[in-house]
Amino acid sequence: MLFGSLAVIMAMLLLFEVAAFWHARNVFDDAAAEGARVAAAYDGSCRQGVTAARTMVQQAAGSWGDTVRITCVDGPVITINIA
């Protein structure tokens, strides 16, 4: 009984971790796409793209997104990376 309940608890914790990871990945992917869209728009810049991505992360993630590092590579194809 003890080992069975421990296995159920571990399975539930694994499920919660996977769900949190999946949610964070979706938030960061959407923010990076929005930042790249803003940066690539007419008269857009990397600074505006990073600001848009940071705003989107803050809206969706709240306080756990405070330490997010966002970088932008300007060129023929604008790339926004969120780590």
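1. Start with the cover over helix α1. The buried residues of α1 are covered by parts that include α2 (46-61) and β2 (79-82). This is a predicted model. The residues of α1 that count as buried are Ala-24, Val-27, Phe-28, Ala-31, Ala-32, Gly-35 and Ala-39.

2. Next, the helix itself. Helix α1 spans residues 2-40. It has 39 residues. From first C-alpha to last, α1 reaches 57 Å, close to the 57 Å expected at 1.5 Å a residue.

3. Now the nonpolar surface. A nonpolar patch of about 960 Å² is made by Phe-3, Leu-6, Val-8, Ile-9, Met-10, Met-12, Leu-13, Leu-15 and Phe-16. Val-8, one of these residues, is found in helix α1. Is Val-8 buried or exposed? Its relative accessibility is 51%, so Val-8 counts as exposed. The cut-off for exposed is over 50%.

4. Then the disulfide. The count comes to 1 disulfide. Cys-46 is joined to Cys-72, with an S to S distance of 2.1 Å. Which parts does the pair tie together? Cys-46 lies in helix α2 and Cys-72 in strand β1 (residues 70-73), so the linked parts are 26 residues apart in sequence.

5. The disulfide also has a hand. The torsion about the S-S bond of Cys-46 and Cys-72 is about -65°, so the disulfide is left-handed.

6. Last, the accessibility of the two cysteines. Cys-46 has 17% relative accessibility and therefore counts as buried. Cys-72 has 23%, so Cys-72 counts as partly exposed. The line between these two classes is drawn at 20% relative accessible area.

Notes: Residues are numbered from 1 along each chain as its sequence is written. This is a predicted model: local features need pLDDT of at least 70, side-chain atom pairs count only at pLDDT 80 or more; totals for chains, interfaces and linings use all residues. Side-chain values use heavy atoms; hydrogens and water are left out. Patches are made of residues with over 30% relative accessible area and no salt bridge: like charges are joined within 9 Å, nonpolar side chains (Val, Leu, Ile, Met, Phe, Trp, Tyr) within 5 Å. Accessible areas come from the Shrake-Rupley method with a 1.4 Å probe; for residues, only the protein chains shown count as cover. A salt bridge is a side-chain nitrogen of Lys or Arg within 4 Å of a carboxyl oxygen of Asp or Glu. Helices (H or I, at least four residues) and strands (E, at least two) are DSSP runs, numbered from the N terminus. Buried means under 20% relative accessible area, exposed over 50%, partly exposed in between (1.4 Å probe, protein chains only). The expected span of a helix is 1.5 Å times one less than its number of residues. Contact means heavy atoms within 4.5 Å. A disulfide is a pair of cysteine sulfur atoms within 2.5 Å.
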